[in-house]
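The entries follow the order in which I asked things.

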Amino acid sequence: DSEYNQIRSDILTNYGKFPTDAVKRVEELLSEYASKLTLRQSLRLNYTKAYFLIESEQYQRAYQALTVCKTLADKVNDPGLTYYYYGYLAGMQADLENFELSIEAYLAALNYAQQTDDQAMIARAHNNVGHLLIQMQQFGKALPYIEYFYQYGQQADNQSYIATALNNLGE
């Protein structure tokens, strides 16, 4: 797993500012290491690919990559990893201004996050729902989600979360 972490770190460090180059590198690695990767590692690399496809606004290819991710996530059967499928899908739909599809996916992501013990993930999922509701001008519905995120930030003494929540409330 340390070799995998090194590979993933290399992609994020060396290609993070160049999403199309990152996609090419991930595709090379998926091909090169196909027989060596665990199912979980393959899923995580495919999520990395989907992330950079979304960043480079290659939405059709991103959707195809996410379809692969969903298949792998179902096999891994880990709610924390399925959370990312719905989170990336929701973010992509929001980029495309498909807000109704986006909110459905963010709520599904929240559901999967709540099946984990990862309180930070659960808080981020609340923030994602709340932020999208703000974009949809549904401020009353957004408030409890943003407040949850803010409260978690205070409890965890996470200044970044607190600042993000306050920024969202100011939108």
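These are my notes, from the whole chain down to single residues.

**Entry 1. Overall build**

I noted before anything else that this is a predicted model. Then I looked up the secondary structure. The protein chain has nine helices and zero strands. Read along the sequence, the pattern is α-α-α-α-α-α-α-α-α. The radius of gyration is 17 Å, close to the 16 Å that the globule rule gives for 171 residues, so the chain is as compact as a globular protein of that length. I also looked up the extent of the C-alpha trace. Along its principal axes it spans about 50 × 30 × 30 Å.

**Entry 2. Surface, burial and charge**

How many of the 171 residues count as buried? I found 44%. The accessible surface comes to about 9,300 Å². Carbon and sulfur atoms hold 46% of that surface.

I then checked how far along the sequence the contacts reach. Among contacts between residues at least 6 apart in sequence, 53% join residues at least 24 apart.

Charge came next. I found 13 positive and 20 negative side chains. The centres of the two sets lie 7 Å apart.

**Entry 3. The nonpolar core**

Which residues have the most contacts inside the largest nonpolar core? They are Ile11, Leu43, Tyr47, Leu66 and Met92, in a core of 56 residues. Helix α7, residues 119–135, gives the largest share of this core, with nine residues.

I followed two of these names further.

Leu43 is found in helix α3. Is Leu43 buried or exposed? Leu43 is buried, because its relative accessible area is 0%, and the cut-off for buried is under 20%. Setting aside residues up to four places away in sequence, Leu43 touches Cys69, Leu72, Ala73, Val76 and Leu81. I checked one of these partners by distance. Val76 is 33 residues from Leu43 along the chain, and their C-alpha atoms are separated by 8.6 Å.

Tyr47 was next. With residues up to four places away left out, its partners are Leu66, Cys69, Ala73, Leu81, Thr82, Tyr84, Tyr85 and Tyr88.

I looked up His126 in helix α7. His126 is buried, with a relative accessible area of 8%. What does His126 touch, not counting residues up to four places away in sequence? I listed Leu110, Gln114, Tyr145 and Tyr148.

Asn168 sits in helix α9, residues 159–170. Asn168 counts as buried at 4% relative accessibility. Beyond residues up to four places away in sequence, Asn168 touches Asn127, His131, Ile134 and Ile146.

Ala94 lies in helix α5. At 15% relative accessibility, Ala94 counts as buried, because the cut-off is under 20%. Not counting residues up to four places away, Ala94 touches Phe99, Ser102 and Leu132. I also took a distance from Ala94 to Ala105, 11 residues apart along the chain. Their C-alpha atoms are separated by 10.0 Å.

Tyr112 is found in helix α6, residues 99–113. Leaving aside neighbours within four places in sequence, Tyr112 is in contact with Pro79, Thr82, Tyr83 and Tyr86. How far is Tyr112 from Ser9, C-alpha to C-alpha? I got 26 Å, for residues 103 apart in sequence.

**Entry 4. Two loop residues with positive phi**

Last, I looked at backbone angles. Glu57 has a positive phi of about 60 degrees although it is not a glycine. Where does Glu57 lie? I placed Glu57 in the loop between α3, residues 39–55, and α4, residues 59–76. Glu57 counts as exposed, at 58% relative accessibility.

Asn77 is not a glycine either, and its phi is positive, about 60 degrees. Asn77 lies in the loop between α4 and α5, the latter being residues 79–95. Asn77 is exposed, with a relative accessible area of 64%.

Note on methods. Residues are numbered from 1 along each chain as its sequence is written. This is a predicted model: local features need pLDDT of at least 70, side-chain atom pairs count only at pLDDT 80 or more; totals for chains, interfaces and linings use all residues. Side-chain values use heavy atoms; hydrogens and water are left out. Helices (H or I, at least four residues) and strands (E, at least two) are DSSP runs, numbered from the N terminus. Buried means under 20% relative accessible area, exposed over 50%, partly exposed in between (1.4 Å probe, protein chains only). The radius of gyration is taken over C-alpha atoms; the globule rule is 2.2 Å times the number of residues to the power 0.38. Contact means heavy atoms within 4.5 Å. Accessible areas come from the Shrake-Rupley method with a 1.4 Å probe; for residues, only the protein chains shown count as cover. Lys and Arg count as positive and Asp and Glu as negative; His and the chain ends are not counted. The place of a charge is taken as NZ of Lys, CZ of Arg, CG of Asp or CD of Glu. A nonpolar core is a set of buried Ala, Val, Leu, Ile, Met, Phe, Trp, Tyr and Cys residues joined through side-chain atoms within 4.5 Å.
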